[in-house]
Protein chains: 2
Amino acid sequence: MAEQDTTRRPGGRSARVRAAVHGAVTELVAERGYGSFTVGDVAARAGVADSSIYRRWGSLEALTTDVAITWLTTNSPIPDTGSLDGDLRDYAAGVARDIGGPDGLAVLRLVIALSQAGTAGTEARDRFLAERGRQLQEMLDRARTRGEDPPEAPEVVDHILAPLYIRTLFGTGPATPEYVDHLVDRLLTPVSRTS
Amino acid sequence: MAEQDTTRRPGGRSARVRAAVHGAVTELVAERGYGSFTVGDVAARAGVADSSIYRRWGSLEALTTDVAITWLTTNSPIPDTGSLDGDLRDYAAGVARDIGGPDGLAVLRLVIALSQAGTAGTEARDRFLAERGRQLQEMLDRARTRGEDPPEAPEVVDHILAPLYIRTLFGTGPATPEYVDHLVDRLLTPVSRTS
């Protein structure tokens, strides 16, 4: 997993602890699901003290949100190909690859679990969705600036991300390049009532 | 929950046991998630013997699949309004209402959990998805028989069901009638490449 640590020594102990703790969370979510492990379990697996985790992250919710947002920002980067069509195709292909990868399912399950984990959980989910929305909006705003007519961000969520997420969650087959392109085709088709 | 028991005495003991067991499974999935309870837990909550559950259903996977498929077939009935447009709007509105209802989230979480629960789980998920596909295909075949040009069933899944499911799983707001109608509008728009 790429490291985005902003401490002074990016390759130092702090970054190693962060990587180990993030890895432990991802593994525990995949194995047990969110809600079935504690900060102590994470600490034991990462080989650090519980107090290190509490000092750095404050709570399990804050830690797991950090894991999910780090995954989101280090994977699926927002492309800048010079056209909306190119950006959406690159973006959709990247999302399909990333959520089909080793941690993608765990991160999706994490966001779903957070949504059902009380106020701290829904706040964490909202931070994740806000970051995803910010990334998308940046891409769509660039298209608008170029004079293109982009869809709204929620439409990208509904017609590109939701089908890819549900395929991953239900385990119903890999998203082929043709399938991903077809999703983009549909999104870029102007809507008109047919009845 | 509506009862579809086919025993000789639909209001009899057999139907009451079935309803109690189904209710216990739905509650346990909602509270703990699939994978965190046993046949014994279901039996205790439903007030029946473990052996009754094993005799009738055979395994926890078979029981939970029965719960999910019963939910699917007693909710979200396939409408027959005489037009594809009317059928899809009624169907989408019904799905939005049902998965926003008390057991909808539990059933979605159950199907996701089954997808990650080994061979018995994926077989159970496949039975659920096959039943859903059969319902959809019936509606789309009727449209084709009338001379309409319906979408393929997987497109209904991707562009009507997936957005509604992800909204429910992420807890990001109720699906308003306007939102649901917009999903149907998009699906019924012919696809043409824009690049």
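**A helix and its partners**

Guide: Start inside chain A. Leu88(A), Tyr91(A), Ala92(A), Val95(A), Ala96(A) and Ile99(A) of α5(A) are in contact with Val156(A), Ile160(A), Leu161(A), Leu164(A), Tyr165(A) and Thr168(A) of α8(A). Contact here means heavy atoms within 4.5 Å. By class, this α5(A)–α8(A) contact holds 11 nonpolar residues, 1 polar residue and no charged residues.

The model is predicted: local features need pLDDT of at least 70 and side-chain atom pairs pLDDT 80 or more, while totals for chains, interfaces and linings use all residues. Residues count from 1 along each chain as its sequence is written, chains are lettered from A and ligands numbered from 1 in written order, and side-chain values use heavy atoms, without hydrogens or water.

Now the geometry. Helix α5 covers residues 84–99 of chain A, and its axis comes within 10 Å of that of α8(A), crossing at roughly 20°. Axes are lines fitted to C-alpha atoms, for helices over the stretch in contact, with angles from 0 to 180 degrees between N-to-C directions. The two helices α5(A) and α8(A) are therefore roughly parallel. The angle classes are: under 35 degrees roughly parallel, over 145 roughly antiparallel, 65 to 115 roughly perpendicular, the rest oblique. The α5(A)–α8(A) crossing is right-handed, a label for a near helix turned clockwise from the far one by less than a right angle, with anticlockwise being left-handed.

For context, chain A has 9 helices and 0 strands. Helices (H or I, at least four residues) and strands (E, at least two) are DSSP runs, numbered from the N terminus. The C-alpha trace of chain A spans about 60 × 35 × 30 Å along its principal axes.

Next, follow α8(A) across to chain B. The axes of α8(A) and helix α9 (residues 177–188) of chain B come within 13 Å and cross at roughly 60°. That makes α8(A) oblique to α9(B). The crossing of α8(A) with α9(B) is right-handed. Glu155(A), Asp158(A) and His159(A) supply the α8(A) side, and Tyr179(B), His182(B), Leu183(B) and Arg186(B) the α9(B) side. This contact of α8(A) with α9(B) has 2 nonpolar, 2 polar and 3 charged residues.

The aromatic rings come next. Over all chains, the whole structure has 2 aromatic pairs. In one of them, the ring centres of Tyr165(A) and Phe170(B) are 5.9 Å apart and the planes lie at 45°, so the pair is tilted. That pair crosses between chains, from Tyr165(A) in helix α8 (residues 153–170) of chain A to Phe170(B) in helix α8 of chain B. Rings of Phe, Tyr and Trp (its six-membered ring) pair if their centres lie within 6.5 Å; planes under 30 degrees apart are stacked, over 60 edge-to-face, the rest tilted. Tyr165(A) is also one of the α8(A) residues that meet α5(A).

Last, the copies. Chain A can be laid on chain B with an RMSD of 0.0 Å, by a turn of 180° and a shift of 0.0 Å along the axis. The two copies are thus related as by a two-fold rotation axis. The superposition is by least squares on C-alpha atoms of residues with pLDDT of at least 70 in both. The copies meet through the same surface, because 100% of the interface residues of chain A are also interface residues in chain B.

Definitions and conventions: Ala, Val, Leu, Ile, Met, Phe, Trp, Tyr, Cys and Pro count as nonpolar, Asp, Glu, Lys and Arg as charged, and the others, Gly among them, as polar.
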